[in-house]
Amino acid sequence: MVKISSARIGFMLCAFLLPGLIGTFASFSIPAPLVDEMHQQQALDAVLNAPNPAAQAAAIAALSGNAAQAAMAAQAGMSNEVPDTALVDPDTAAMVQHGTGPLPARVAAAAAHMRVEELREARDEAYKIRVMVITLTVLGALFGIAIMGPDKK
């Protein structure tokens, strides 16, 4: 009869479960900056590709989201983060909405700004993923050492 030891079960958990969890958690944040950039670019393209001036004005207004929602959040003392309805970040929206010069130039400047911001966010996400992998690897090793314990001979 084969005896199953808790040390071997713990080792197997460390060897297989923790790397799987690390990869699973990391996979959720990897594509976020790229997807965000794609959505922001679509919003900026909608401003340039509007069929008439009224549609263009609506697309420009939609960049910063619902003004009523932002006002209610500010009145409630909530953070000044981008409202859920905002299509781009506040700086990018301001460049298009309040900038000077021809609209295509403002949209191009906003797109360049947005790409710089997305690159910064991607680097931040990569750093967080690395810290998470390092932390979970060290914790997994400590767990494996604790489970295996000192030699009882």
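Student: Which side chain does the side chain of T92 join through a polar contact of 2.8 Å?

Tutor: The partner is D89; the polar contact runs between the side chains of D89 and T92. Keep in mind that this is a predicted model.

Student: Where is T92, and is T92 buried or exposed?

Tutor: T92 belongs to helix 5. A residue counts as buried when its relative accessible area is under 20%. T92 has a relative accessibility of 0%, so T92 is buried.

Student: Which residues does T92 touch, leaving out those up to four places away in sequence?

Tutor: With those left out, T92 touches Q40, L44, A110, H113 and M114.

Student: Stepping back, how many helices and strands does the chain have?

Tutor: The chain has six helices and zero strands. Read from the N terminus, the order of elements is α-α-α-α-α-α.

Student: What percentage of the residues count as buried?

Tutor: Of 153 residues, 22% count as buried. The accessible surface of the chain is about 10600 Å², and carbon and sulfur atoms account for 67% of that surface.

Student: Which members of the largest nonpolar core touch the most other members?

Tutor: A nonpolar core is built from buried residues joined through side-chain atoms within 4.5 Å. The largest nonpolar core here has 14 residues, and those that touch the most other members are L44, V47, L63, V96, L103 and V107. At least two residues of this core come from each of helix 2, helix 3 (53-62), helix 5 (90-98) and helix 6. Helix 6 gives the most, with five residues.

Student: What does V47 touch, not counting residues up to four places away in sequence?

Tutor: V47 touches Q56, A59, I60, L63, V96, L103 and V107.

Student: How many salt bridges does a search of the whole structure find?

Tutor: To read one, look for a side-chain nitrogen of Lys or Arg within 4 Å of a carboxyl oxygen of Asp or Glu. The search finds three salt bridges. One of them joins the side chains of R115 and E37, at 3.5 Å from N to O.

Student: Which residues are linked in a network of salt bridges?

Tutor: The network links E117, R120 and D124. R120 meets E117 at 3.0 Å, N to O. The closest N and O atoms of R120 and D124 are 3.0 Å apart. E117 and R120 both lie in helix 6, three residues apart, which is about one turn of the helix. D124 and R120 are both in helix 6 as well, four residues apart, again about one turn.

Student: Which side chain does Q41 join in a polar contact?

Tutor: The side chain of Q41 is joined to that of R115, at 2.8 Å. Q41 lies in helix 2. Its relative accessible area is 19%, so Q41 is buried. Not counting residues up to four places away in sequence, Q41 touches A111, M114 and R115.

Student: Which residues form a nonpolar patch on the surface?

Tutor: A patch takes residues with over 30% relative accessible area and no salt bridge. Here I9, L13, L17, L21, F25, F28 and F143 form a nonpolar patch, with about 670 Å² of accessible area together. Helix 1 (residues 6-29) gives the most to the patch, with six residues. I9 is in helix 1, and its relative accessible area of 45% is why I9 counts as partly exposed.

Note on methods:
Residues are numbered from 1 along each chain as its sequence is written. This is a predicted model: local features need pLDDT of at least 70, side-chain atom pairs count only at pLDDT 80 or more; totals for chains, interfaces and linings use all residues. Side-chain values use heavy atoms; hydrogens and water are left out. Patches are made of residues with over 30% relative accessible area and no salt bridge: like charges are joined within 9 Å, nonpolar side chains (Val, Leu, Ile, Met, Phe, Trp, Tyr) within 5 Å. Accessible areas come from the Shrake-Rupley method with a 1.4 Å probe; for residues, only the protein chains shown count as cover. Buried means under 20% relative accessible area, exposed over 50%, partly exposed in between (1.4 Å probe, protein chains only). Contact means heavy atoms within 4.5 Å. A polar contact is a pair of N or O atoms within 3.5 Å; within protein, one must be able to donate a hydrogen and the other to accept it, and residues adjacent in sequence count only if both atoms are side-chain atoms.
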